[in-house]
Amino acid sequence: MLAILTYPQYVPVSPGWPHLADDRSLRFHTKKPLLVPSLQSNDFELFDVPVQFAQDSASLDARWKELQREAHPDKFAVQGVASQRLAMQWSVRINEAYQRLKNPLKRATYLCELRGAPIEAESNTAMPADFLIQQMQWREALDDAKGLEGLEEIANQANTSKREQLSKIEHLLDSAKDFAAAAQQVRALMFIERFGSEVDARIDSLGQ
């Protein structure tokens, strides 16, 4: 089935599309009828997945491979330089969307922003008191840790907290639809991930 990707509109797929009309259109062969989004579509529209935090990794992987295969610039060599240039734009756009959707923190950040609740991590550092206390306790434990066993225990605590935080974020985004609260939890998750990276770096340094 022939699909035409056009920038910047949506283009419904039809088996009767004409040949390439201008340098903004690309002819893609797809396996099923789709509403093909533009380069300006959001990541969820581009990957044809629900606009929600919970996602199936296997489906994202499969869709990414399909989109990259169809958008490969070499496939448009006969359509001219302009078409290859647009195909390259598509390839870059597809990769950017894939990296955001595959990573839970990036996906949550992106979804909050789509829902009008920007994270503003640089300017908004307000955190619940109990979370700040936990962070201080982790910092003290990290400073006092001497051996691998102590560091691994701290890493396990951070990983457990990360999983709990992701569960809270999923509930707030997909069920409660409380995007402002989700944004605050995303900011907390950023702290947890950053701390976890520091712990991992300390563990790696012991093995050198």
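1. The side chain of T109 comes to 2.9 Å from the backbone oxygen of L105. Keep in mind while reading that this is a predicted model. T109 itself belongs to helix α4.

2. Is T109 buried or exposed? Its relative accessibility is 14%, so T109 counts as buried, the cut-off for that class being under 20%. Once its neighbours within four places in sequence are set aside, T109 has contacts with I119, V186 and M190.

3. Helix α6 deserves a look of its own. It is made up of 29 residues, and the distance from its first C-alpha to its last is 40 Å. That is close to the 42 Å expected at 1.5 Å a residue.

4. Which residues of α6 are buried? They are L151, I154, A155, A158, S161, Q165, L166, I169, L172, L173 and D174. As for their partners, the buried residues of this helix pack against α4 (104–114), α5 and α7.

5. The largest pocket holds about 210 Å³ of space. Around it stand P128, D130, F131, Q134, S161, E164, Q165, K168, Q185 and A188. Sorted by class, this lining has three nonpolar, four polar and three charged residues.

6. Where does the lining of the largest pocket come from? At least two residues each are supplied by α5 (129–144), α6 (148–176) and α7 (179–206). The largest share, four residues, is from α6.

7. Two backbone angles are worth a check on your screen. Following α6 comes K177, with a positive phi near 55°, and K177 is a residue other than glycine. K177 sits in the loop between α6 and α7. With a relative accessibility of 46%, K177 counts as partly exposed.

8. The other angle is at E120, in the loop between α4 and α5. Although E120 is not a glycine, its phi is positive, at about 50°. Why does E120 count as partly exposed? Its relative accessibility is 46%, and exposed would need a value over 50%.

How values were computed
Residues are numbered from 1 along each chain as its sequence is written. This is a predicted model: local features need pLDDT of at least 70, side-chain atom pairs count only at pLDDT 80 or more; totals for chains, interfaces and linings use all residues. Side-chain values use heavy atoms; hydrogens and water are left out. On a 1 Å grid over the protein atoms alone, a cavity is a set of points where a 1.4 Å probe fits but cannot get out, and a pocket is an open set with protein on both sides within 12 Å along at least five of seven lines; lining residues have an atom within 4 Å of a point. Grid points are joined across faces, edges and corners, and a volume is the space filled by probe spheres set on the points. Ala, Val, Leu, Ile, Met, Phe, Trp, Tyr, Cys and Pro count as nonpolar, Asp, Glu, Lys and Arg as charged, and the others, Gly among them, as polar. The expected span of a helix is 1.5 Å times one less than its number of residues. Buried means under 20% relative accessible area, exposed over 50%, partly exposed in between (1.4 Å probe, protein chains only). Contact means heavy atoms within 4.5 Å. A polar contact is a pair of N or O atoms within 3.5 Å; within protein, one must be able to donate a hydrogen and the other to accept it, and residues adjacent in sequence count only if both atoms are side-chain atoms.
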